[in-house]
Each structure stands twice: as C-alpha cells, then as structure tokens.
Amino acid sequence: MQAAAPILAIDRLVVAPAAGGAPVVDGISLAVSPGEVLALIGESGSGKTTLALAALGYVRPGLAVRSGRIRLGATDLLGAGEAKLQDLRGRRATYIAQSAAASFNPALRLDAQVTEPARVHRLRPLAEALAKARLLYRRLDLPEPERIGQRFPHEVSGGQLQRFMIAMGLIEGPQLVVCDEPTSALDVTTQVEVLKAFKAVIRDGSTAGLFVSHDLAVVAQLADRIIVLRRGALVEQGTTEAILAAPQEPYTRELIAACRRWDRRRPASPPRVAACAAAPARLEVVDVTAGFGPREPMTGRPTITAVDAAALAVRPREVVAIIGESGSGKSTLAQVIAGLHPAAAGEIRLDGAALAPAVARRSLDQRRRVQIVFQMADTALNPRHRVGRIIGRALAFFGRAPRARRPARIAELLALVRLPASYAERRPGELSGGEKQRVNLARALAAEPDVLICDEITSALDTVVAAAIVRLVEDLRDRLGLAVLFISHDLATVATLADRVVVMRRGKIVERGPTGELLARPTHPYTRLLLASVPELRIGWLEEAAGRRAALLPEFAETGAAPVADVDRGREDAHAG
Amino acid sequence: MSAANEALSPPARGPRNALFAVAAGVLVAWALIAVLAPLLVPHDPTDFVSDDPFAAPSRIAWLGTDYLGRDLFSRLIAGARISLFMAFLATLLAHLLGGTLGLMAAVRGGLFDAAVSRIVDIALSLPKIIVGLVVVAAIGTSMTVLVIVAGLVYAAGVFRIARALGADVAVMDFIRAARARGEGAAWLIFGEILPNIIMPLAADFAIRMSFAILFMSSLSFIGLGVQPPRADWGGLVRENLSALSAGSWAPIFPALAIASVAIALNLLVDAIGDRRQLARIRDE
C-alpha cells in the first residue's frame, strides 16, 4: 500500500490562532495512500480535528496556517482559491461528521441529501446518482435499500443515519474521506454495525481514509496506521500492529492502558469485603414507573413510558451500575430518584423512609443526602461563578460549614477530588473537561451525601480522563462510604467499578446481578449483545464481534440491518411469556 | 451559535474600538452634567437674564435666551438633570419589574408564565404614547406619574426579553443541579441566571433608556409632561418652538441634546455587540 503515490500529503503543517498564541497543529507531516486508513488519535485539544479539516483545505475561523504544505493528489490546497476548494469538496475529498443527527436537514428526504454532491457538482444525471446511492445503501447494510432513501432523517435510527452520512461521503468515489469521530455519538451496539459497514466499503475501493478518534479500540478495527497526537504535536506514529503491540512513548502507553481497562476474559472487580450483602439497603427504588406526557385515564400511566416498574437497591459502600443505550430510561430513572422528574407510580426509599416524588416536597436533609452529578460537565457549572462560590453555595445551602470555616472546607473538598486549593479562584471556563467533572463531584460531596447518583459522568470525557474519574469515584466510595448509582451506556467503564450491574432496555430492567457473574454469564440476549459490542483493543475484534452478533441474533443476519431493537423486543416478549 | 451560548460567553474587556469610546464619552459627560447641574449653571434656570426673548448668544447667555428671556444654557443643563434622571428611573423600574417577572416566568413556567405572558401581550399591543396620554389625562401629570407610567409601559418589553434570555439558561444543567438541591426561585433568578444574561440585559437597558427619553420628551413636547417653570429637554423644545420662525437657534439645542443621548446609547449597544463578537471569535 505504501508503494502507491500518496493521495494526501501534509508537510510540516503549522496552524495557530490568527490572533497569535501557541500553535494548534505544530509542524506535523503525514501521507495517506489509496486504500489506506490513517487514524489520528488524541484527546480533545490535541489538534486532531484541526489537522483533519486542514486535509480538506479548511481552517476554522480564528485559526490560520502559519507554514507548511497540504497536497491532495496534484492540487496544492493552501494555494487553491475558494472556488477550487468548493469544486473538490464533496467530489474528490469528503467529510463525515461526528453527529449525523445534526448534519442532516430534517425537511429533506434522505435520497435528496445523499445525492447532493452529484447535483451540486453537476456530475451526472439524478437517476444515475440515485442508482449509485442505492448500491451504497445495500453495501452499508441498510434495510430496504430501494426504498429507505424516501424517508426523512427522523424516520431512521441514529446508526442508520450515520450510515447515510457515510453513503453521502462515498457516493462520488472520492480519493479521500475524512471521518471525524463518526461513531463516538453512537451506542456500542450501533457502533459495531457502522464500523463494519464503513470498513467493508472503504476496503474494496481505492479511497484513502483519514479517521479521527479518541478511542483506540475503535481505531484498531479500521486503521492501517496510527498517529498519536498531543497538544498539537506528533507523539508517535506507526502501523496499528506496532502501536498496539509495542508502544514507544509513555503517552501512547497511557492511552492503551485506558482502553485496556476491561478485559472480558479476566474476571472484573474482585468482590470487596465492604459490600457485604447483609447490610440494609440505603437507597431503594420500588416499582417506579415514570414517563412523559399526560397520564392515561384508565391505567394512570404516562403516554410515553420511559421507566417501567423498575426496582433496585443500593447499599452503603456499594456501586450499582445501570447500563443501557440511549432511550433505555436510565437517565429518567436518575432524575426520578433525584426528585427532578416525579414518578407516575412507585416509591423511592432512603434508609427505609419514602421520599416525596418532587424535590420541593423533600426535607432539606433528604435533599442533602441524595446528590446527583450530571453528564455534561460544561453545562453543569455556572460559567459566571468561581469554583469556590459554586462549592460554597452548596455548603451554605445545606448548612454544612459556618461562613468562617467555608474556605478551609472548600479547599478540603477540592483536595478530595484531587484539585489544588487555588482552583477555588478559577471560573469553569478556565478548567478542562475532566477538571470540571471533578468540581461537579466536589459540589455534590459538599452536601456530605449518603447516596451519589452519577448520570453518565464519564461519557463526554476522553478515555484517559474518564478512567481517572472512575478511579476517583471508586476512591470516594471507599473513603466516604457512599452508596453510588453509576449510570452509563458503556459496559467497559463500569466493569471495574461496579459491584452489581442492572441492565435496562426500553424502560425495563432486563437483567441484574453481581458484575463478575453478569459479565461472565449473561443470560438475557440483550446483555449478550451489549457485551459483544464493546470494542476490544486488538486487531480483528470487529470481525469476531460481527460474527458473534450474527450468532446471537440469527434474524439479524438474515434481514441485513433490520432494526435490532424490534428483533430483540420479540425476544423480550418471549422471555416475559 | 445559540442565544444561550451568546449569553454565556465572557464579556470583552477594555475599550476596543472608537465607537465605544465616543459613545461612552458622550454618556459619561451628560451623566456628570446631570449630577453636577446645580454647580454648573451660570444662572438660576428660572431667572430672567435679559429683557429680550430669543436673544442671540452672548457672554451672559452662552446659548442665547429663551422665549421669556431666561438663560437657555442654564435651562438646558437643568433639563439634562430632569430628562436623564426621569428616563433612568423609568428604565430602572421597567427592568426591576419586567426583568424579575420575566425571569420568574422562565424559572416557574406553567400557569404563572402563561398568565403574565398574556397580560404582557395585551400591554404590548397598546400604543405606548396613547397609554401615556390617557393616564396623564385621567390622573394629571407629575414627574412621579411620568416615571411610573413610562416604567410600566416599558416593563412589558423587558419582560419578553428577560423571559427569552432566562428560558435559554433555565434548561442548563447547573440550573437542574440547583433545583435538585431544592434552591428557591430567588437564588435561581438572581444567583444563577442573572449573572449569565447581564450583558444582553445591560444592552437592553441602554436602548430602552433612549426610548424612555424620547417617550417623555414627546409627552413634554405636547405639554403633558414636566410642567413650567421646570422643563425637561422635550419641554424646552416645545416652549421655544416659535423661535424657529424668528430665526433663533433656541429649540435646536435641546433637540440636539436629545439626539446626542439617544444616538450615543444606541452606538454603545452596537459597540458592546461588536466587542462581544470579537471576544467570541477570540475564544474560538
């Protein structure tokens, strides 16, 4: 593959803020040949997206190219005018964005959007473009390839939409496809489908791929070569085999360690003495049903049921994980427990005493004892308040520290989440994503809670940062004796942390058990599907996973990518009956 | 970029462009003049300094005299105090009332939001100057009445803006976190939301104050505002209007004063907008 002349050649590229300052991309050279996939790996702020966009001749507003060259085939992209760039984008070089949902026009049919490059560039008659699109739908395993393009974006699932995006990127047979985290917003089960389809399509073409991701396990399935970036500089590059087998740089090893956080073959989290089964439950969720819309007069159930008769219990010094993909009702359940979304039926009990459904009806002490931490660290902190004020408010509100002792207590809490005391003077805008999430934890801990609800607190973070947050939660549980409800869509994250796991699907709890047991011997097909979908950090996993999925759900293989959900639902009903 | 992000982006620091400097300079100058008016006037604004009405500018009366032979310069300065103080108080009232209700509606939602929003719809559908005329005709005019009427009339507009800005912030997670703590509406509004929308509200304050100056000057111009012998700028234009036919500049000066403040306030808002955009670009 290296023999062919590279399609994309970037030479000592330096991109820096136009107003001056440290370069975002600092003197990086790379080349991609036809049929080759090069992955750019790094955490947020590593410059990987800036570098990938530069491959399309695009520099985000506020940034400017200081020096270097970018060539696509024989074209010099930096010297090319806007008209020339417009001409090659969507035709010779295409872009597949992270969020398909945000990238499609909701008012246009999918066919019209997928064939747009042909229309914009007047390359071929519409009928021909449509035929090409349907061919791609088929190869991307989309159901009913002849008709699905007539649907609107909201009429297909998120994973299917991401595949339409890939079809749009590939329809004109581009020389280069740039993918920016194309599966990061997807659930693990959907991610496997999209990765498999993408790999199949790019493998049998002469297209070169530039694949941006922060997840090494995903990249290992697709890429021939990997470049590791950190703060705009190239840390290490090599073939995928070499990087995974023998990483040279400490940072690469750290990335790999963060991905190896969970190995199926090794029993996860050794049973801890502290989590003795005899202790009475601190938090009990008793047959909670909750949802949206007006209640139906006959049954008293909400029109849309998000949580359906869920029951679980968390003991002190125990971490119970709730696992499920988006729409499984796990976040709604978290809000029901926190009192932000009153349940339609059922009860929440704290040390045996029932809590009022709405937070306003709970006593100050009850509110203090149950604390929730949200997923988006960015929006969970008031950007106008300093960290000290954010934590101080919780201290004052719950009366946990007299005014004179407050600064000392704030410093203690910051130390508890491993942040220096000087951070009290900072505003959220001056913190990184991981630091913000630590402050969120500190604010919750200021209340000296007994129950901590963590709602996807690591989902928006990079792998390495997320691993550190998980270790912190583990540490806090042991030191403070917290009962932790840890909600996540990522089995790998919770495998090392949770004592027990509850699997939710469509509002119902489908399986539960001690973590080790559940991971080793899952009984429900959905749990098995979830387990089979967690990317592992080794080459060839994707093919095995696809095989396992096919074995798990025979219907799945027959009907192409018929909505997995419906197939499962049939099985669920069978179980119920 | 959504309104919420806009509201949450940090303010720019330091006067970055000439527009801002000029607008701010004019406003600061007028504010100083208004505050220090009693020390600045060369004559008592109600004293007769000349026997001639509409006398040309002289060493005694720098801008000439008015229709009764009083010093126009002194009356203009005294008028600045009346016009600006009244407009400021009216806008302050509008913001205290409309802003608080608007943010309350954003935080509480439900019936409260629906009820207040409908009342505001009605208030906004009425022409402001007609409302002013009817109220003044019904209960008579005084400076207190004028300030309260203008404050109420403009509170409806402030409500709309504050509610829209507040609703954007109210759905963010830090508000959910505060609600989960059980925080009351007062903290949610003034502790959490207000710091995030203070810049757009300040811009609204400036532009609404220019409306209020014009509103009250209009009422004074038709004789229903500030009553003689005192006069705000609108009143000064009115009482000296006949000078135009006599070839005097007397009504031009108060008219220019009104224009300078109204334009400066609008430029200030424009400049703030530009600076915020610059700040956004820098942030990205």
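**Entry 1: the contact.** I looked up the contact, which takes 20 residues from chain A and 20 residues from chain B, with contact meaning heavy atoms within 4.5 Å. The model is predicted: local features need pLDDT of at least 70, side-chain atom pairs count only at pLDDT 80 or more, and totals for chains, interfaces and linings use all residues. Residues are numbered from 1 along each chain as its sequence is written, chains are lettered from A and ligands numbered from 1 in the order in which they are written, and side-chain values use heavy atoms, with hydrogens and water left out.

I noted the buried area next: chain A and chain B bury about 2,000 Å² between them, and 56% of it lies on carbon and sulfur atoms. Buried area is the accessible area (1.4 Å probe) that two parts lose on being put together, summed over both.

Entry 2: I found a count of one salt bridge between chain A and chain B (a side-chain nitrogen of Lys or Arg within 4 Å of a carboxyl oxygen of Asp or Glu). B:Glu183 and A:Arg393 form a salt bridge through their side chains, at 2.6 Å from N to O. On the side of chain A that touches chain B, helix H14 (residues 387-397) of chain A gives the largest share, four residues. I recorded that side as eleven nonpolar, four polar and five charged residues. In this division Ala, Val, Leu, Ile, Met, Phe, Trp, Tyr, Cys and Pro count as nonpolar, Asp, Glu, Lys and Arg as charged, and the others, Gly among them, as polar.

**Entry 3: cavities.** I searched for cavities on a 1 Å grid over the protein atoms alone, a cavity being a set of points where a 1.4 Å probe fits but cannot get out; lining residues have an atom within 4 Å of a point. The count comes to three cavities of 30 Å³ or more.

The largest cavity has a volume of about 110 Å³. Its lining includes A:Val370, A:Gln371, A:Ile372 and A:Arg443, and from the other chain B:Ala177, B:Ala180 and B:Arg181. I classed this lining as seven nonpolar, one polar and two charged residues.

The second largest cavity has a volume of about 40 Å³. Among its lining residues are A:Arg393, A:Arg443, B:Arg181 and B:Trp187. H14 of chain A and helix H9 (185-221) of chain B are the elements that give two or more residues to this lining. I classed the lining of the second largest cavity as two nonpolar, two polar and four charged residues.

Methods:
On a 1 Å grid over the protein atoms alone, a cavity is a set of points where a 1.4 Å probe fits but cannot get out, and a pocket is an open set with protein on both sides within 12 Å along at least five of seven lines; lining residues have an atom within 4 Å of a point. Grid points are joined across faces, edges and corners, and a volume is the space filled by probe spheres set on the points.
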